[in-house]
Amino acid sequence: MSVYTTLSLKEVQHFAAPYGLEVVELKPIQGGVQNTNYFIICADGTQFVLTLFENMDAQAAGELIPVLEHLGQQGLAVPVPLKHSGQSIHSLKDKPAQIAPRMSGKHPMPSTIAQVEQIAVAQAKMHVALQERQVARDHAYWYNVAQQIKPTLDVADSALLNNLLGLYEALTMMYPNRPKGFIHSDLFRDNTLFEGDELKGILDFYEMNQDELLFDIAITLNDFCTEYPSVRLNEAKATAFLNAYTSIRPLTEDERACLELYLAMAAGRFWMMRLQIAQMNAAEARTGDDILQKNPQEMRNMLIERLKFVTA
């Protein structure tokens, strides 16, 4: 959640009025990389999150609303957007925008075993609860991103990427029973909120798509079970995560066989994504304190560490 489109308090007050909100204060949110986000504070003390969708049209942004409503009905802690005139998505500065409740809690930095177990159970419940959604960022998407980035890599990085993709192609042919479904795709610690060890909120569903459930597991396990700046996996947390997840949805034998590969693939995906975003920000001259750009080297280092445990 960065700020790419600057808003004034007056503009937000006008946008929020039909929701019945009297906005008195506006605070930019630093974090994330896709959309513009502000905290809005109302006269009665309630707080909300205003999101402007920078790369989605109104139809694409609206597709997420039924998903969040369904997850909320299933008892999962997600921010279901407000509605007025029967709709959640409206226009602000010629961009789709929404207002959702601000959820309580803090990002788990670092995570505890209990927090790891809570997020694993919540992730498994999401995988079980949701039906298929339109494919947006499946493996084919990420493969294309890798091909676009590859010409900009030096020889060592290109070899690293080729090694990863080669292992993926070999192992996934050997172990084909890897279920697909609806996944979050970005369930890092900074997209969750906890009060103590209790999960209070899962945020930022804008990367949701239809892909292998194992990728979602690998993304979340990598982050929740790693003690940065070290990129080594905390084995106790990883075991707790998998035990909690499989208490809701058992993994197939092929998923278990591919898990170490997918931990490497997840790191590789986010290495590519961070490189892509760095290039986009440079091309569009996006700079300043309100623009968050995560370090690609962190994911590159994780990829190298995870590949140590992968055998074809």
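Predicted model: local features only at pLDDT ≥ 70, side-chain atom pairs only at ≥ 80, totals over all residues.

I started at helix α7, residues 235–246, which is where Thr 246 sits; helices here are DSSP runs of H or I with at least four residues, strands are E runs of at least two, and both are numbered from the N terminus. Residues are numbered from 1 along each chain as its sequence is written, and side-chain values use heavy atoms, with hydrogens and water left out.

**Thr 246**

Is Thr 246 buried or exposed? I get a relative accessible area of 18%, so Thr 246 counts as buried; the cut-offs are under 20% for buried, over 50% for exposed and partly exposed in between, with a 1.4 Å probe and protein chains only. I then looked up its contacts, meaning heavy atoms within 4.5 Å. Skipping residues up to four places away in sequence, Thr 246 touches Leu 251 and Arg 256. A polar atom of the Thr 246 side chain lies 2.7 Å from the backbone oxygen of Leu 242. That falls under polar contacts: N or O pairs within 3.5 Å, where within protein one atom must be able to donate a hydrogen and the other to accept it, and residues adjacent in sequence count only if both atoms are side-chain atoms. I also checked Ala 124, which is 122 residues from Thr 246 in sequence, yet their C-alpha atoms are 7.7 Å apart.

**Asp 223**

Next was Asp 223, in helix α6 (residues 213–224). With 5% relative accessibility, Asp 223 counts as buried. What does its side chain reach? I found the backbone nitrogen of Arg 189 at 2.7 Å. Apart from neighbours within four places in sequence, Asp 223 is in contact with Phe 188, Arg 189 and Tyr 228.

**Helix α2**

I checked the length of α2 (residues 58–73): its 16 residues at 1.5 Å each should span 22 Å, and the end C-alpha atoms are 24 Å apart, which agrees. The expected span is 1.5 Å times one less than the number of residues. At the N-terminal end, Asp 57 is the cap, with a side-chain oxygen 3.3 Å from the backbone nitrogen of Gln 59. After the helix comes Gly 75, with a positive phi near 90°. I listed the buried residues of α2 as Ala 61, Leu 64, Ile 65, Val 67, Leu 68 and Leu 71. Their cover includes β5 (95–101), α3 (113–129) and β6 (180–183).

In β2 (residues 36–42) seven of the seven residues are buried, so the strand is largely enclosed by the rest of the structure. Thr 36, Tyr 38, Ile 40 and Cys 42 point one way, while Asn 37, Phe 39 and Ile 41 point the other.

For pairing, DSSP has to find at least two bridges between two strands. β1 (residues 23–28) pairs with β2 in the antiparallel sense over five bridges, and Lys 27 has Phe 39 as its bridge partner. β2 and β3 (residues 47–52) run antiparallel, joined by six bridges. There, Phe 39 stands opposite Val 49. The β2 and β3 hairpin has four residues between the strands, and Gly 45 takes a positive phi near 95°.

**Another hairpin**

Last, I looked at β7 (residues 192–195) and β8 (residues 198–202), antiparallel with four bridges. Thr 192 stands opposite Ile 202. Two residues separate the strands, and Gly 196 in the turn has a positive phi of about 65°.
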